[in-house]
Amino acid sequence: MGIIELREQLQQGHVSALELTNQYLERIQEVDPKVHAFLEITAERARFDARRIDELRSKGVLLPPLAGIPIAIKDNICTKGIRTTCSSRMLEAFIPPYESTVTEKLWKAGAILLGKTNLDEFAMGSSTETSAFGATANPWDLTRVPGGSSGGSAAAVASGECVASLGSDTGGSIRQPAAFCGLVGLKPTYGRVSRWGLVAFASSLDQIGSFTHTVADAAELLHVIAGEDYKDATCLKVSVPNYQSILQKSISGLRIGLIKECFDPNGLDPQVASAVNKAASHLESLGCELVEISCPQFNYGIATYYIIAPSEASANLARYDGMKYGYRAEGVENLATITSQSRAQGFGSEVQRRILIGTYALSAGYVDAYYKKAQQVRTLIRRDFDAAFAKVDVLLTPTVPSTAFLAGAHTDDPLQMYLSDLLTIPANLAGLPAMNIPCGFDDTGLPIGMQLIGNVLEESRILQVAHHYEVTTNIMSSNL
């Protein structure tokens with residue numbers, strides 16, 4: 001069951017918050033040794049919070065909307081007093097002295113923290129295999145990856161270890177794992193949700209979002225975590241709609257744009273293409289109009305991203321110098337050596353690779369040829385989207401070119417790994433809201449995802465389309 005159903009169960013007294021929390025903690029104990037979705041389990045805190053909610057409910061106190069709902073948080077989102085490691089040796093012992101804005105909102109809404117989830121180190125990866133603390137498995141097939149970088153958050157929901165979870169999305173890190181794990185994964189508009197307390201990877205691309213089993217649950221969580229925040233200068237000062245009330249509105253007459261560059265048979269699994277086209281046809285049967293759209297710069301997104309994101313990462317990760325906080329190499333006294341050795345020992349190979357790429361792209365003599373040019377292409381990609389939304393209401397693409405790949409398949413081929421984000425990256429470059437919705441399965445039973453992209457601040461529209469698709473089909477997530 002999801003957030004909506006469990007809230008009714010709690011309100012009607014069919015289950016207590018403590019009983020529900022214990023059910024999920026038992027589930028974690030049962031399956032997480034195989035899945036490895038969690039890095040830390042906060043059982044004592046969870047039970048304490050559940051008892052407090054039960055006591056308030058017994059007194060007739062009006063409780064907030066997520067009271068008693070057990071969730072998990074990606075381990076690059078700061079939680080006061082609880083380790084936040086970014087799955088890196090560099091921050092293995094880091095305990096934040098402050099709470100991120102999104103988690104503070106969740107706790108005020110009554111959500112119960114079950115634990116912190118695994119991720120690719122510093123959110124750099126597409127398989128959750130670069131974690132310094134071990135890889136996460138896909139609950140649908142333990143020999144395959146759950147996607148990344150938010151693979152732990154996705155696997156935790158897909159395996160029934162929590163009701164919902166938060167992740168972060170820099171180039172597809174919510175939508176790609178959601179597609180691999182058969183979940184609803186929502187990345188809001190850049191600035192819709194505060195990034196305060198999210199450990200920075202690429203600041204102009206990072207955005208916090210959710211993993212849920214249903215679109216209604218995604219709408220519920222977004223309503224809680226969205227909104228302005230004076231602590232984040234990039235957070236938009238706009239009102240937050242009641243997303244739940246919009247879900248039921250008819251989608252008849254909406255124009256759905258199929259980006260033709262995303263359906264190129266070269267590189268797109270035929271089974272993925274077939275499932276997504278079938279889903280588009282289903283939307284047409286619900287009254288939507290399908291329109292073929294061209295976004296000529298779309299496929300330049302991945303090259304653009306892998307200049308801009310590593311450049312921003314190079315600047316953001318410069319703070320980890322072995323002096324102020326984080327890992328510090330032992331046995332050296334020279335300042336330069338402390339810094340270089342701390343980074344060499346504290347960062348994994350993928351993080352080091354991206355720092356080197358970014359530093360090179362920003363270096364004198366190359367910044368104009370690479371970084372400036374990438375920003376110019378980013379503008380062209382945004383203009384393509386603007387032109388598309390002048391013709392249609394929502395854009396539709398596959399989320400990922402394939403279903404979940406085998407663990408270790410791309411470990412020695414980072415370029416092939418990067419290609420799994422080919423279809424998700426452009427929405428980040430343009431700052432647009434986008435989400436994955438499960439739309440079928442391949443011949444081996446692995447989930448296939450469809451991506452819906454909306455215009456700026458039009459989360460309501462893509463949630464509305466996704467909800468109507470979801471409730472009129474029988475495609476469901478499942479557990480181990």
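Guide: Contact here means heavy atoms within 4.5 Å, and the model in which such contacts are counted is a predicted one. With that in mind, consider Ser-342, which has its place in helix H11, residues 335-346. Buried means under 20% relative accessible area, and because Ser-342 has 0% relative accessibility, Ser-342 counts as buried. A polar atom of the Ser-342 side chain lies 2.6 Å from the backbone oxygen of Ile-338.

Turning to the strands, S4 (residues 164-168) is mostly covered, with five of its five residues buried. Ala-164, Leu-166 and Ser-168 point one way from S4, while Ser-165 and Gly-167 point the other way. In a regular strand the side chains alternate between the two faces of the sheet. Strand S2 (residues 70-74) runs parallel to S4 and is joined to S4 by three bridges, with Ile-73 standing opposite Leu-166. The pairing of S4 with S6, by contrast, is antiparallel and extends over four bridges, and here Leu-166 stands opposite Ser-210.

S5 and S6 (residues 208-212) pair in the antiparallel sense over three bridges. Strand S10 (residues 434-441) likewise pairs with S5 in the antiparallel sense over three bridges, and in S10 the bridge partner of Gly-185 is Asn-436. Within S5, Val-184 and Leu-186 point one way, Gly-185 and Lys-187 point the other way, and all are buried.

Helix packing can be followed in H1 (residues 3-11) and H7 (residues 215-225), which pack at an angle of about 75° with their axes 8 Å apart. Angles of 65 to 115 degrees count as roughly perpendicular, and H1 and H7 are therefore roughly perpendicular to each other. On the H1 side the contact is made by Ile-3, Ile-4 and Arg-7, and on the H7 side by Ala-216, Asp-217, Glu-220 and Leu-221. Sorted by class, this contact of H1 with H7 has four nonpolar, no polar and three charged residues.

Notes: Residues are numbered from 1 along each chain as its sequence is written. This is a predicted model: local features need pLDDT of at least 70, side-chain atom pairs count only at pLDDT 80 or more; totals for chains, interfaces and linings use all residues. Side-chain values use heavy atoms; hydrogens and water are left out. Buried means under 20% relative accessible area, exposed over 50%, partly exposed in between (1.4 Å probe, protein chains only). Helices (H or I, at least four residues) and strands (E, at least two) are DSSP runs, numbered from the N terminus. Two strands pair if DSSP finds at least two bridges between them. Axes are lines fitted to C-alpha atoms, for helices over the stretch in contact, and angles run from 0 to 180 degrees between N-to-C directions. Angles under 35 degrees count as roughly parallel, over 145 as roughly antiparallel, 65 to 115 as roughly perpendicular and the rest as oblique. Ala, Val, Leu, Ile, Met, Phe, Trp, Tyr, Cys and Pro count as nonpolar, Asp, Glu, Lys and Arg as charged, and the others, Gly among them, as polar. A polar contact is a pair of N or O atoms within 3.5 Å; within protein, one must be able to donate a hydrogen and the other to accept it, and residues adjacent in sequence count only if both atoms are side-chain atoms.
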